[in-house]
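This report concerns helix packing and sheet architecture in the model shown below.

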Amino acid sequence: MGNFRQVEPGRKPFKRAYLAVMLWFVGRSIPIAAKIDPAIAKEIAGLPEGFTFSLGVLPAGPAMIVGKDASGRARYLGLRPEGRKIDLSLKIRNIEAAIGMFTFREGTAVATARNRLIVDGEVPHACVVVRILDAVEVYLLFKVIARLAVKRYPDWPMGRILWGRFRIYLGAVLGF
Amino acid sequence: MNVPDLFSFQSPVKIDSGWRALENIPLELAGSGARKPLVLCGPQRDGTMETFTAAFADSGTAVVLYEGPPADPDPAVLRELWNLYRDRGCDAIIALGGRATADAAKVLNIAVSGRPEDVERAAGGKSVAGPLRPFFYCPTTPGDGRETSCFARLGKWNFSSPSLMPNLAVIDPRLLREGPSGALGAALVSALATAVEACLAPARNPLSDVYAGVVIRLVAENACAAKKRTLVLAPAANALCLSGVVLSNTARGPASRLAVALSAKAPIREAAAMAVLLPHAAAFLAGKHPAAAAELLLPLAGADAFTGTPPGERPAEVAPRLRSLILALAGADAPPASLDAAGLSKETLPEAARLAACGDGGLSEADGLAILSLAWKGTP
C-alpha cells in the first residue's frame with residue numbers, strides 16, 4: 001500500500017469572524033439606508049410584502065437575513081437562516097470568494113460574472129437586492145474603496161453621501 | 001451553418017478555471033452527492049499538496065490522500081486502492097496530477113463503481129457498465145489532453161467509454177507547473193492536431209466545430225507568449241481539457257494516425273512526426289473540404305487575417321499558418337522541416353501508410369502515402 005493519509009478540513013476562524021461582522025453590519029445598515037434614502041426605499045417598496053432575503057457563505061455561513069415587514073419597512077432579521085422562510089437566497093460559493101467580495105477585491109457584478117454567487121429565487125428580486133447592496137456600499141465605504149465594490153459609482157452630491165454615511169454608521173452601531 | 005442529418009456529441013466535463021477554482025471543489029462534490037473523495041496524487045512540487053488541502057478548509061469535507069500511485073498500477077495495486085476507497089468510506093475520486101494519475105483514477109473508478117474484476121472485463125474497448133462515481137480532475141501540469149477524454153490506458157489494457165470522462169476539471173493556476181522540457185509544446189501541437197482534424201473531418205458537426213474552434217483559438221492566441229510559459233499554462237490547460245472532449249467525439253484524422261504509425265515503424269517520436277505531418281495533412285484535407293478549411297482560418301489566424309484573405313485563398317492559407325504556429329509552440333525544440341530531414345528513409349513510408357489506413361471511409365492507404373510523401377519532401 002502506498003502512502004495515504006486522511007486530511008480533516010481545517011478552519012478559517014479569522015476569515016469567518018471578519019465575514020460575520022461585515023454581514024452583520026451590512027444587514028443592520030439596510031433598514032437604516034431605506035429610511036434615509038428615497039431610492040432604496042423605493043426599491044424596498046417594490047418587493048412583495050413579507051419578502052425575506054439572505055446573503056450567506058456556503059457551506060455553513062455566516063449569513064445575514066433582511067426582510068420586509070407588514071408595514072413595508074425593511075428589518076434586519078439576524079444571522080441564522082435556519083427555520084426561516086427565505087424568498088431569495090444569495091449564496092457565495094465558498095469562504096475565499098466571500099473574502100474577495102468583502103475585502104472589495106471583486107465587486108458584486110464581477111463576482112457574479114465569475115460564477116461566485118448562487119441565486120436561489122427570482123432573478124428580478126435578486127437584481128433589486130444587488131442594487132440595494134450597491135447603494136448601501138456607496139454609503140458605507142469611502143469612494144476609493146466603493147468604486148471597487150460597485151459596478152458604477154453614482155454621481156450623488158457629497159452632502160447626501162456624508163450625511164447618509166453618518167446616519168447609517170450611527171444607526172447600525174447603536175441600533176436605531 | 002451545416003448541420004448533418006445525424007450526429008451526436010457528448011461532453012459531461014464541466015470546467016472550473018481560474019484563480020481559487022480549487023475552493024469550488026467541496027461545493028461541486030456536494031452537488032454530486034459526495035462527501036469524502038479519495039485523491040490520487042501524482043508527483044508534486046513543494047507546496048502543491050498544501051494548496052490543495054487548504055482549499056477544503058472550512059468546508060467540512062475530509063479528503064483521503066493517496067500519494068504517488070505508480071504510473072502503471074497493476075491489478076494488485078488497484079485492489080489495494082479499491083480496499084482503501086471502501087474502508088475509508090470514500091464516495092468520489094479526484095486525480096491530482098497529469099495523464100498517468102488521471103488514467104489510474106479512471107480505471108479505479110470502474111473498480112469502485114462495481115467490483116475490481118470489472119476492470120479486466122471493461123478492458124479492450126468493452127462497455128463500462130452504468131454511470132460511475134463522481135470523478136474530478138485537477139491538472140498540475142497541462143497534461144496531454146487525454147485526461148478529459150473517454151480513453152484510458154493501464155499497462156496492456158485500453159479503455160474507452162464516455163463514462164470515464166471526468167465530471168469536473170478544475171484548472172487553478174496556483175497548481176500548474178510546466179512539466180518536462182518540450183512537453184507543453186508537444187501537447188499543444190497534439191491538441192491542435194485533434195482540433196484541426198475535427199474541423200476538417202467529414203463527420204464534423206456544429207458542436208465539434210465550436211469546441212475545436214475554441215481549442216485552436218486558445219493555442220493560436222497564446223502561442224506568441226510561449227517564451228513566458230507560466231503565462232500560458234492556464235489557457236494551455238483549458239485548451240488541452242477541451243481537446244480531450246473533441247478527441248472523444250471525433251474519429252482520429254490522418255495526421256494522428258500517420259504519426260502513430262510512423263513512430264511505430266521508424267525512429268521518430270510521435271510528437272515530432274505530428275509536428276511535421278499536421279500542415280501536410282491539413283493541406284490534403286483542405287483540398288477535400290475547402291469550405292471547412294476556409295472557416296478554419298478564422299480561429300487559426302484571427303479576424304484581421306481572415307478578413308484580409310480573399311475567400312478563395314483561405315483554404316490554401318491554412319497549412320502555412322499551421323506550420324508557423326507549430327514553430328512558435330516548439331520554441332527552441334523546433335521540429336524537423338521534413339521527414340527526410342528527420343532522418344527517415346523513404347522506404348518506411350508505404351509500411352506506415354498501410355499501418356495507418358483504416359476502412360469504412362476513413363484514411364485510405366493511397367491518401368496516407370500521398371500525405372507522407374509530401375511530408376517527406378517538406379513541401380509546402
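## Helix pair

H6(B) crosses H7(B) with left-handed geometry; a crossing is left-handed if the near helix is turned anticlockwise from the far one by less than a right angle, and right-handed if clockwise. Helices (H or I, at least four residues) and strands (E, at least two) are DSSP runs, numbered from the N terminus. H6 covers residues 183-199 of chain B and H7 residues 206-223 of chain B; their axes come within 9 Å and cross at roughly 145°. Axes are lines fitted to C-alpha atoms, for helices over the stretch in contact, and angles run from 0 to 180 degrees between N-to-C directions.

## Basis of the model

The model is predicted: local features need pLDDT of at least 70 and side-chain atom pairs pLDDT 80 or more, while totals for chains, interfaces and linings use all residues. Residues are numbered from 1 along each chain as its sequence is written, with chains lettered from A and ligands numbered from 1 in the order in which they are written.

## Sheet

An open, mixed sheet of 7 strands has the order S1(A)-S3(B)-S2(B)-S4(B)-S5(B)-S8(B)-S1(B). Pairing requires at least two DSSP bridges between two strands. At the edges, S1 (3-7) of chain A and S1 (14-17) of chain B each pair on one side only. The twist averages 20° from one strand to the next.

S1(B) runs parallel to S8 (residues 168-171) of chain B, joined by 4 bridges. Within this pair, Ile15(B) stands opposite Ala169(B).
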